[in-house]
Every structure is written in structure tokens, then in C-alpha cells.
Amino acid sequence: MGQTIEGKTAIITGAGSGIGRATALQLAKEGVNVGLIARTESKLEKVASEAAEYGVKAVIAPADISNAEEVEYAVKKLHDELGFTDILINNAGIGVYGSFLELDPEEWKRTIEVNLYGTYHVTRAVLPQMIEKDSGDIINISSSSGLKGTAGSTAYSASKFAIQGMTEALMQEVRRNNIRVNTLNPSLVATELVFGDDLEEQDKEKYMQPEDLAEYMVSQLKLHPRIFIKQSLQWATNPF
Ligand SMILES: NC(=O)c1ccc[n+]([C@@H]2O[C@H](COP(=O)([O-])OP(=O)(O)OC[C@H]3O[C@@H](n4cnc5c(N)ncnc54)[C@H](OP(=O)(O)O)[C@@H]3O)[C@@H](O)[C@H]2O)c1
């Protein structure tokens with residue numbers, strides 16, 4: 001039952017660190033060719049060379065996902081060098097925190113531009129090929145903050161709630177094209193985004209690791225094409 005993903009091609013945004021890096025490497029381990037997008041070229045190069053050790057093609061395409069032109073150029077480069085995209089992992093994101101009135105309006109706007117419009121731009125660049133081929137997987141990384149607001153996270157929550165809505169609506173549009181679009185909604189994962197460099201190694205272990213999410217996504221992608229998980233919420237067992 002299920003399907004193999006070996007030989008498929010994936011684009012992963014935010015692939016330079018954290019969840020994106022772990023997912024790119026887990027997919028490469030499964031024999032998936034990977035196209036890597038983020039802004040910092042040096043980090044992408046490092047992940048690409050680690051991924052290539054699994055014997056797959058790994059191509060980088062540095063871009064700021066909030067910029068539609070950069071995204072178009074990057075996705076074209078990946079399509080030219082890797083061919084059709086079977087799997088899109090919309091993972092790149094930023095977080096800003098602070099009370100509603102204290103948050104800098106420019107940072108508020110930037111959060112929406114990166115998290116929501118970034119996901120939109122990349123999906124828009126990849127989707128036509130998936131529709132043409134009548135298959136594909138799009139996983140959008142939202143957050144537990146995309147299902148429940150908490151004090152101090154108005155910008156982040158707004159961007160992540162918006163991703164839920166966009167995902168659900170797009171899913172209804174393209175499920176007839178055998179394209180599975182869904183969100184993953186992790187609670188705290190031990191990455192730079194949440195903890196910076198502050199976290200002690202022993203404390204880090206209490207939280208979900210980027211590799212846990214990567215394994216989760218791979219198992220989801222291996223489900224038979226007739227079924228998909230519409231939305232899921234990942235929690236750490238005992239971080240206390
Ligand atoms: N960590 C958690 O607890 C947690 C929980 C729920 C959801 N999430 C979500 O999971 C995703 C990954 O987060 P993470 O924790 O792995 O964070 P991370 O380690 O900070 O990684 C974020 C990645 O996104 C890239 N990125 C940021 N802004 C970008 C832009 N404008 N254009 C292109 N790439 C950009 C970063 O690379 P550059 O800076 O080089 O561009 C980096 O590769 C995010 O969407 C986050 O909201 C995280």
C-alpha cells in the first residue's frame with residue numbers, strides 16, 4: 001500500500017536551516033531530488049552538498065520568497081535543472097513577537113509578506129505544472145499559532161491563520177487534479193526561529209526536533225495518492 005517517493009522531485013523553501021533543512025535531507029535520503037530556496041546562498045550550498053551525499057540531485061535557487069520576480073526566476077531555474085516538481089514544501093517563514101501596539105508596523109507587514117505572500121508566490125509559480133501533470137503534493141507549514149492566537153503574536157498568527165484559509169480553499173480547487181494541499185501545524189520545534197542560540201543542549205531535547213517534522217512529512221507523502229491528511233497538529237509529548 002502507499003507509494004514510493006524515490007525518484008520524485010521536491011522544492012523546499014527555507015531549506016537553509018531548521019525544519020526546511022531537515023526536510024530536504026530526509027527527502028534526499030528517500031531518493032528525492034531536491035530544489036532548495038532561501039535567501040542565504042552559503043547555507044543552501046551546505047545543505048545541497050549534504051543532500052547530494054545521498055546520491056540525488058540537489059540544486060539551490062536563492063530567493064526572497066516575498067518577491068514575486070525572484071520567486072519566478074528561482075522556480076524556473078529549478079524546473080530547468082530538475083524537471084517537474086512533484087512535491088512543494090512551503091516552509092520558509094519568520095516570526096516577530098510583541099504586543100499589538102508595540103510591534104513595528106513595518107515588521108507586522110513584513111511578516112505577512114514573507115509568510116503569506118511568500119507561500120502564495122511560490123505556490124503560484126509551481127502549481128501550473130502540477131495541474132498540467134494532474135498530480136502533486138503541496139505541504140504548507142502553518143503553526144499551532146495558525147489555529148489559536150496567543151498574546152504577543154498578532155502578526156505571526158494573522159499570517160499563519162491566513163495560510164490555513166488559503167490552503168483549505170486551494171485544496172478544494174485542485175483536489176480534482178489529484179493535487180493534495182494541506183497544512184502542518186507544529187507547536188514548538190527546537191530551531192533558531194524560536195530559541196535563537198540560547199537553548200542548552202539538554203533542554204533542546206525536550207522539544208520536537210526538525211527531524212521529527214521531516215519524518216512526519218515523508219510518511220505523509222508516502223500515503224496512497226487517493227488519501228491525504230487535510231490538516232494536522234504536532235505536539236511535543238512532554239516538554240515540561
Ligand atoms: N520552530 C517552531 O517552533 C515552529 C513552530 C510552528 C511553525 N514553524 C514554522 O516552520 C517554518 C520553519 O521554521 P524554522 O523553525 O525551521 O525556522 P528557521 O530555522 O529560522 O528557518 C527559516 C528558514 O526560512 C528562510 N527564510 C526566512 N525568510 C525568508 C524569505 N523572505 N525568503 C526565503 N526564505 C526565507 C530562512 O533562510 P534565510 O534567512 O537564509 O532566508 C530559513 O532557511 C516557519 O514557517 C515557521 O513559522 C516553526
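Trainee: What covers the buried residues of H5?

Mentor: The cover includes H4, strand E5 (136–141), strand E6 (179–186), helix H6 (192–195) and strand E7 (231–234). Helices (H or I, at least four residues) and strands (E, at least two) are DSSP runs, numbered from the N terminus. Buried means under 20% relative accessible area, exposed over 50%, partly exposed in between (1.4 Å probe, protein chains only). This is a predicted model: local features need pLDDT of at least 70, side-chain atom pairs count only at pLDDT 80 or more, and totals for chains, interfaces and linings use all residues. Residues are numbered from 1 along each chain as its sequence is written, and side-chain values use heavy atoms, with hydrogens and water left out.

Trainee: Which residues of H5 are buried?

Mentor: Among them are Ala155, Tyr156, Ile163, Thr167, Leu170 and Val174.

Trainee: How many residues does H5 have, and how far does it reach?

Mentor: H5 has 21 residues and reaches 30 Å from first C-alpha to last, close to the 30 Å expected. The expected span of a helix is 1.5 Å times one less than its number of residues.

Trainee: Take Thr167. Why does it count as buried?

Mentor: Because its relative accessibility is 3%.

Trainee: What is Thr167 in contact with, leaving aside neighbours within four places in sequence?

Mentor: Asn140, Val181, Asn182 and Thr183. Contact means heavy atoms within 4.5 Å.

Trainee: On to H3. Which residues are buried there?

Mentor: Val71, Ala74, Val75, Leu78, His79 and Leu82. Seen down the axis of H3, they fall within an arc of 135°, so they line one face of the helix. The arc is that of the directions from the helix axis to the C-beta atoms.

Trainee: Why do residues three or four places apart point the same way?

Mentor: Because an α-helix has 3.6 residues a turn.

Trainee: Which residues are exposed on the other side of H3?

Mentor: Glu69, Glu72, Tyr73, Lys76 and Asp80.

Trainee: And what do the buried residues of H3 pack against?

Mentor: Strand E1 (9–13), strand E2 (33–37), strand E3 (58–60) and helix H4 (105–133).

Trainee: What happens at the start of H3?

Mentor: A side-chain oxygen of Asn67 comes within 3.0 Å of the backbone nitrogen of Glu69. Just after H3, Gly83 has a positive phi of about 85°.

Trainee: Where are ligand oxygen atoms 2.5 Å and 2.6 Å from protein atoms?

Mentor: An oxygen atom of the ligand is 2.5 Å from an N or O atom in the side chain of Thr40. For Val189, an oxygen atom of the ligand is 2.6 Å from a polar backbone atom. Taken alone, the ligand exposes 890 Å², and the protein buries 93% of that. Accessible areas come from the Shrake-Rupley method with a 1.4 Å probe; for residues, only the protein chains shown count as cover.

Key: A polar contact is a pair of N or O atoms within 3.5 Å; within protein, one must be able to donate a hydrogen and the other to accept it, and residues adjacent in sequence count only if both atoms are side-chain atoms.
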